[in-house]
Amino acid sequence: MVIPAGVRDRLVEHAEAEKPNEACGLIALRDGVAERYIRGENESASPYRFELKVDPETWFLEDEGYELAVFHSHLSSPPRPSRTDVENIGLWEDRPYVILALHTGELAGWRIAGGKIEPLPVDAT
Amino acid sequence: MIRVRIPPTLRAEVAGAREVEASGATLREVLADLEERFPALGRQVLEDGDIAPFVNVYVNSEDVRTLEGVETPVSDGSTVILLPAMAGGEHELVAGRTLLESIGRTPLVELPRLAPSAEVRIFAKLEGQNPTGSIKDRVAVALVDAAEAAGELEPGQELLEPTSGNTGISLALVAKLKGYRLTCVLPENATPERVKLLELYGANVVFSPGSEGSNGAVRLAQRLAGADDRYVMLNQYANDANPLAHYDGTGAEIAEALPQVDAFVAGLGTGGTLMGAGERLRESFPDVLVTAAEPLQGDLVYGLRSLADGYVPPILDVSKLDRKLLVSNEESVRALRLLLDREGIFAGVSSGAVVHVARRIAAELGEGMVVCVLADAGWKYLSAPFWTQPLQDVEPGMEDKLWW
């Protein structure tokens, strides 16, 4: 997965704006390259939890040739899915999942399936 | 017919269809119709007759959680959208934080052996698991951070705090790690563990007369601060950073951990926990009973204070307390020993008072969820005889010393 600097900046801006709460949203990718970030609302408004709310139509961007990645920020822990993330993966099993560790700026991609976490490498270009 | 839009994540269950038709007068009937025709979809979308936790459903662009849930009416021409519900959150315990960053996020555990019946549940927030063993770590770091942010605290200045012990120990830790000196004023009859801990953490200790209790310590500290400019008194009794630490921390953590809180019980000390966490919990659970455990008038209080003894901390707004229950030393010790015997929790004396009140409120409510805050652990009270002596001997033995 490639997340170019422009999209990455949007992720960091959103995470900064939501501080001290976690930020969340959807990244729209085409052919594995992130084209844009759609900000979501964290309905939990919490530093330790997120509950993603976006315009329902966003979920259907895949019908326009995009692939979606679920994004959220961690405030102080590494960008690895937490136990809560794994337990709540639900319908997003085996789909792109991106976490930004705001305190270090580290961005990491994952796929979570059957309770297991597999890295999904993220490149800038 | 009702149009049902299927997100890409669920299309495998409907042979790849982007949308399907269904019938029904309510969302429940529509989902039942879908389940009958597409059992695999039903397994993903429904759980025990309700919408599954990993699914959000919209009817005509409205989230049904804001409508009537599965009872939301639908009619011919309505559009139902099924969507993934995504949630998660950060690790609550991670390596790599500094000690000060590790303050808070304490465990919230159930006390099933102390609940009066199965219909009412009691939960305890174990503040003794903070770095110095008390809830005051939250307050100390908030007071110093706020003073630094306001430019009121600069290198070379010295912190001065009247304290019942725990705040002093917490401030001593924060002061040490942030590079300030600290002088603590505390009553001379404080337990030796507390005095020793303060000194080990590097604080300078000044004693006030034991007979004057916490109020005497406040008066002496004010005199010292008035006489010397180098002292900065953060004064937890009058500093908004104190309740704010509990609004953002203690209260928010409880609100996130539980789906419902019917009563919240904390000891009445500075009022910080009751005001801050109480306010935060009221935002999430408007009917919550914010309840103070208050020592009997005349008891020499340590950590808790009796309002009848004359001093009302400026941060305490008594009108925001829904209930205030008086507790004797003996009742506190009895509950403290029960807490250790039945639940294995080794807590400080004020926690006994809080648990006593939590059990009374739980019995009154008969059902629901009661949360109480156990402000510190028992280690600083090990020298006390009350852990083992007969209960009838407890009260006289506690009268000449400050235990709370």
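Over all chains, the count of salt bridges comes to 29, a salt bridge being a side-chain nitrogen of Lys or Arg within 4 Å of a carboxyl oxygen of Asp or Glu. This is a predicted model, in which local features need pLDDT of at least 70 and side-chain atom pairs count only at pLDDT 80 or more, while totals for chains, interfaces and linings use all residues. Residues are numbered from 1 along each chain as its sequence is written, chains are lettered from A and ligands numbered from 1 in the order in which they are written, and side-chain values use heavy atoms, with hydrogens and water left out.

User: Is Asp33(B) buried or exposed?

Analyst: Asp33(B) forms a salt bridge with Arg37(B), with 3.4 Å between the closest N and O atoms. Both residues lie in helix H1 (residues 27-37) of chain B, four residues apart, about one turn of the helix; helices (H or I, at least four residues) and strands (E, at least two) are DSSP runs numbered from the N terminus. Arg37(B) is partly exposed at 39%, where buried means under 20% relative accessible area, exposed over 50% and partly exposed in between (1.4 Å probe, protein chains only). Because its relative accessibility is 17%, Asp33(B) counts as buried.

User: How many residues apart are Lys178(B) and Glu148(B)?

Analyst: The side chains of Lys178(B) and Glu148(B) form a salt bridge, their closest N and O atoms being 3.0 Å apart. This pair links distant parts of the chain, with Lys178(B) in helix H4 (residues 166-178) and Glu148(B) in helix H3 (residues 136-149) of chain B, and the separation is 30 residues.

User: Why is H3(B) described as largely enclosed by the rest of the structure?

Analyst: H3(B) reaches 20 Å from its first C-alpha to its last, close to the expected 20 Å (1.5 Å times one less than its number of residues). Its buried residues include Val139(B), Leu143(B) and Val144(B), as well as the charged Lys136(B), Asp137(B) and Arg138(B). Their cover includes strand E10 (120-126), strand E11 (158-162), H4 and helix H7 (241-257) of chain B, by contact, which means heavy atoms within 4.5 Å. H3(B) is largely enclosed because the number of its 14 residues that are buried is 10.

User: Which residues of chain A lose the most area to chain B?

Analyst: Chain A and chain B bury about 3000 Å² between them, 57% of it on carbon and sulfur atoms; buried area is the accessible area (1.4 Å probe) that two parts lose on being put together, summed over both. Together accounting for 29% of what the side of chain A buries, the residues that lose the most area are Tyr48(A), Phe60(A) and Leu91(A).

User: How many salt bridges does the rule find across the interface of chain A and chain B?

Analyst: The contact takes 38 residues from chain A and 29 residues from chain B. Arg18(B) and Asp63(A) meet in a salt bridge at 3.7 Å, N to O. A network of salt bridges also links Glu43(A), Glu51(A), Asp63(B) and Arg65(B). Across the interface of chain A and chain B, the number of salt bridges found is five.
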